[in-house]
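Hi everyone, thanks for coming along. Let's bring the model up on the screen and walk through some of its charged side chains together.

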Amino acid sequence: MPTTMEEAGKYAKDGTTDFRKNPAIKKETGSWKACPYILGIVAAVSNVTNWSGTCYVTPLLGAFLADAYLGRYWTIATFSIIYVFVIYFYFFASRYLYRYIPNLILIQGMTLLTLSASLHGLKPQCDSQNVCHPTDFQAGIFYMGLYLIALGTGGIKPCVSPFGADQFDDSDETEKKSKSSFFNWFYLSINIGALVASTVLVWIQTNVGWGWGFGIPAVAMAAAVVSFFSGTRLYRNQRPGGSPLTRICQVVVASCRKARVRVPDDKSLLYEFVEGECVVKGSRKLDHTEQLSFFDKAAVETQSDRIKGSIDAWRLCTVTQVEELKSIIRLLPILATGIIFTTVYSQMGTLFVLQGNTMDLHMTSSFQIPPASLSLFDTLSVIFWVPVYDRVIVPFARKFTGHRNGFTQLQRIAVGLVISVFAMLAAGTLELVRLRMVREHDFYELEHVPISVFWQVPQYFVIGCAEVFTFVGQLEFFYEQAPDAMRSLCSALSLATVALGNYLSSLLVNVVTDFSTRHGKAGWIPDNLNYGHLDYFFWLLALLSVLNLGVYLLVAKWYTYKKPVGPSIGTTP
């Protein structure tokens, strides 16, 4: 441990260590000099896959391993290597499967190939019309490949942004301000990767060949992994703190056991480790908060809590453990209000595409743009708004709010929720105009109504703006308000809202379809949208977004920020 004030000033005070597990020296590690090696992983992953579904569930596993046992550095490293091996496998397999691609599976943004591409006996048998019929075993091999991809992303997604943020010391005001900017540039990196994947890579796969289409991202991913390892000496690392689920369960069990125990008025009497120690190595202690006081019972010491002079962790917990659980519970309502936002966000891949497909798709007399391609304007919007937010909006807002980041994280999220309402209003208004043209000119059986698909650009652009406020705000908020030893887990929970938003969107479509098609009606979303009322669905989402905003404002007002106590303890080997 540092012995003098001068020596103490050399080290980061947030509990991070260097690659040798010694206290991190501020001038030699972390900050912006470490971030390029980390952001390279982000762009490469965006290039390699857009496989969502399972990839928003597996982060919970990766996050648990990072927080409990491996740490974020080794979790990213391990799962990145898995990723590279799988992608290289698909790269070499792609040379053999070009004739089977249309008959296997189409994944949004990228076609994943199977082992049956290269091994005799595993290739699907195809008839004279090139229609292939894979066996159950062949399909099983294929899906094993898919879930290896999901496993790889599951270890990377929840760890990259927290690991990047770990490079900035909370106790240093300059670095703390930079940490907020990091989340902005992190999200920008994701979208730059997505832009390259959905333009350059798609063009190469379509016009040059699938071998090149897989080879380029495979090489890029390998280069990103090498870059990540090359920055090892610069990284600051948070030590894994053991199973967070065990600590949470201990608090719940201990508080239930002591349901009839009275919590003392003097909260300083609650059990906590002595000064200089912490139940989680490398993590800061948390001060007591008044909310959710039932769980304080777990920290009330009674005569039966000590067994042969030692503490039974399932009967007595520290204040820090109790506050960890409280922090997670307080985050859940904020998490829930993000589901409606991701439902709005998910329309870009579903109903926006259906709406665009009914419009004039011509860019020139001989070229039509696929309606799904307009999602590029969402990506371009993010790329535009991130630097504008970081360099223009934040300094301007800082003058009025006095907050170092311009807005608090909760305020930033709220602004994004407001903007998302306007995205749905724009989409609904455009559909209203389109349907009016259909009725006035009797275009009901016309496949493409003569109104340019580029009128959809504003709704994509507005959603991109909302993302910069809400999604990035959520990333920062869940990192800052998560207990130090549960940051990967909370990051994974924030990612889970994307999956939940997609599920809610599907549920709403099914409910609306069932309700609106009663008594033989065409319904809001029929096969031929010219007979429907897609605008009603967009109005519904706008209304739900307004109601969600109201709930969010109440939750945000109720929210109590966590209270770390001093620098973290226990960072030396």
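Let's begin with Asp484 and Arg487, whose side chains meet in a salt bridge, 3.5 Å from N to O. Do keep in mind that this is a predicted model. Is Asp484 buried or exposed? Asp484 counts as buried because its relative accessibility is 7%, under the 20% cut-off. Arg487 has a relative accessibility of 2%, so Arg487 is buried too. This pair also belongs to a network of salt bridges that links Arg284, Asp484, Arg487 and Lys562.

How many salt bridges does a search of the whole structure find? The search finds 15. One of them joins the side chains of Asp166 and Arg72, at 2.7 Å from N to O. Here distant parts of the chain are linked: Asp166 sits in the loop between helix 5 (136-165) and helix 6 (173-207), while Arg72 is in helix 3 (residues 59-97), 94 residues apart. Asp166 and Arg72 are both buried.

Now over to helix 9. Glu323 forms a salt bridge with Lys326, with the closest N and O atoms 3.2 Å apart. These two are three residues apart in helix 9, so about one helical turn separates Glu323 and Lys326. Both Glu323 and Lys326 are buried.

Arg330 lies in helix 9 as well, which covers residues 319-346. With a relative accessible area of 1%, Arg330 is buried. What does the side chain of Arg330 reach at 3.1 Å? That would be the backbone oxygen of Thr560. Neighbours within four places in sequence aside, the contacts of Arg330 include Glu323, Trp558 and Tyr559.

Technical notes: Residues numbered from 1 in each chain as written. Predicted model: local features only at pLDDT ≥ 70, side-chain atom pairs only at ≥ 80, totals over all residues. Heavy atoms only, no water. Helix = DSSP H or I, 4+ residues; strand = E, 2+ residues; numbered from the N terminus. Buried < 20%, exposed > 50% of the residue type's maximum accessible area, 1.4 Å probe, protein only. Polar contact = N/O pair within 3.5 Å; in protein donor to acceptor, adjacent residues only side chain to side chain. Contact = heavy atoms within 4.5 Å. Salt bridge = Lys/Arg side-chain N within 4 Å of Asp/Glu carboxyl O.
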